[in-house]
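This walk-through takes a few local features in turn: a residue in a strand, a helix pair, and some backbone details. Please keep the structure open while reading.

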Amino acid sequence: MNKEYDMKDVELNEMDQEKQPMTGETPSGAEKNGCVKVKVPEDTEVKFTGLSKEELMKVAGTAGWVRTRWVLLVLFWFGWVGMLAGAIVIIVQAPRCKPIPEMNWWNEGPLYQISDVNAFSEKGLKGVEEKLDYLNQMKVKGLVLGPIHTVQADQSSTLELMSINPEFGSESQLISLMDRAHRKGISIVLDLTPNYEGVSAWFNNAASVAERLKEACVYWLNKGVDGIFLSQLKDIANTEAWPSVQGIFNKTDGTKKRALMGSVKGLSAVDVSYLLNHSSVDLLLTGLPDPAESGVRQAQVIQLLYADHLQTSLGWSLSGRTLGSLASRTQAVPVRLYQMLLFTLPGTPVFSAGDEVGLKAGEKLEAMWDLESQADDDNATAKGEHTTVRDFFKALSDLKGKERSLLHGEYISLHSSPTSLAFLRLWDQSERFLVALNWGDDKVTMTLTNSDLPAEARVRASTDTENLAVDSKVSVEKLELGPKQAVLLSYAFPG
């Protein structure tokens, strides 16, 4: 009986405990009623303290973990070797860059002939020095000066190749000019054509002045001149003295190479090719292609010379002391068209003073120096034309000096007709250049095909800015070119 009462009391006390408020405090009288107070821990989370060193060593030594470590190690090395093999395959299969061909300073941009230094500047050699900043802006890489030596026309006894005619300046002025030009990256070439004011450049007997020529070459090269230029090179190259003249330039002291240059006129492409092989001259101005010939013939001449000779020895010039200015030789065609041709052919473009602004026969070189002055009503149109031509020249010169395809790229003929011509210049993975010229009186549509050509190309220079604006895109497959117009296009390496 007593046990039954005790069990009822316990049940009641437990029920009373459930009814107590959850305040964590003991209600008054609880102990008096015989309730049991139970405290439950608030944080019941079990904390993991990790395995001890002994436990880790015991587990790590089991067979399962040993196999796992070996599998991971083998996978790592297989992955590393695979990546290495992949990298080698990519390197081997990647297209290799062609080695840059050997080039000299006369291949890096246009050369600029100043045949009459007094016409170029009334101050003579001193005036040329004052115009070096202008020439530097035109991106000129070398000056061909003179002749400036002392001689009376057709009198070989008066020839003094080591003496400067006082009308042009003095030796000290020439040295000052050379020093300043070299600081600007411009080389100086001295024209030593003996009888430059006479009927025959070599007094009709080149052998008679050969010894004096050799002495003069040594003298001026020791003074710091970068090269010697000789007109009518064929005359002296056919003498027995020529190998000894050439030998002077083959000597090197590890410094900048000195150039032996020359020019010829009236020779066929075959004769020019023979002279290049026979003379081994560093640069020959051929007077080709002849603007009077058809585009088909011009393309043949260019291809023949390019195929048989290094382009580093090919000089392209259509003007000069005996030829006249570029504009006067191509009166029926805008001078900018032939500027583009000379700048984009494989070799070195050579211009005469005034060609960069398109001076015509009868116009004085002094006209170049007042282009920036305020134009008056009488000559505003002429000044505007000269400025446009000069800006075009400068843009082409800039491209020639920095684009590898134009500097030493391959030449590929794409089109030729009696009045038009198109060709491609490309080098390895560099940007490609397409040149198209039309000196005819009618519009032409050129169908151009080559595996390298894209559907469209970007205009880089144009004589027809209305229809072929610079930086615009044009179709290449059917290229339309207006009469007496030229365009230079470029596109990226298709690979």
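Strands here are DSSP runs of E with at least two residues, numbered from the N terminus. The model is a predicted one. Strand β4 covers residues 155-164, and Thr158 sits in it. Thr158 has a relative accessible area of 18%, and because buried means under 20%, Thr158 counts as buried. A polar atom of the Thr158 side chain lies 2.7 Å from the backbone oxygen of Gln155. Apart from neighbours within four places in sequence, Thr158 is in contact with Thr150, Val151 and Gln152.

Next comes the helix pair. Helix α11 (residues 269-279) packs with helix α12 (residues 295-308) at an angle of about 20°, and their axes are 10 Å apart. Angles under 35 degrees count as roughly parallel, so α11 and α12 are roughly parallel to each other. Their crossing is right-handed. On α11 the contact is made by Ala269, Val270, Val272 and Ser273, and on α12 by Val301, Leu304, Leu305 and Asp308. By class, these are six nonpolar residues, one polar and one charged.

The backbone is the last topic. Most peptide bonds are trans, and most residues other than glycine have a negative phi. The bond from Gly146 to Pro147 is cis, with omega near 20°; Pro147 lies in the loop between β2 and β3. The bond from Leu288 to Pro289 is also cis, with omega near 0°, and Pro289 lies in the loop between β8 and α12.

Asn204, in the loop between β5 and α8, has a positive phi of about 60°. Its relative accessibility is 72%, so Asn204 counts as exposed. Asp471, in the loop between β15 and β16, has a positive phi near 80°. At 48% relative accessibility, Asp471 is partly exposed.

How values were computed:
Residues are numbered from 1 along each chain as its sequence is written. This is a predicted model: local features need pLDDT of at least 70, side-chain atom pairs count only at pLDDT 80 or more; totals for chains, interfaces and linings use all residues. Side-chain values use heavy atoms; hydrogens and water are left out. Axes are lines fitted to C-alpha atoms, for helices over the stretch in contact, and angles run from 0 to 180 degrees between N-to-C directions. Helices (H or I, at least four residues) and strands (E, at least two) are DSSP runs, numbered from the N terminus. Angles under 35 degrees count as roughly parallel, over 145 as roughly antiparallel, 65 to 115 as roughly perpendicular and the rest as oblique. A crossing is left-handed if the near helix is turned anticlockwise from the far one by less than a right angle, and right-handed if clockwise. Contact means heavy atoms within 4.5 Å. Ala, Val, Leu, Ile, Met, Phe, Trp, Tyr, Cys and Pro count as nonpolar, Asp, Glu, Lys and Arg as charged, and the others, Gly among them, as polar. Buried means under 20% relative accessible area, exposed over 50%, partly exposed in between (1.4 Å probe, protein chains only). A polar contact is a pair of N or O atoms within 3.5 Å; within protein, one must be able to donate a hydrogen and the other to accept it, and residues adjacent in sequence count only if both atoms are side-chain atoms.
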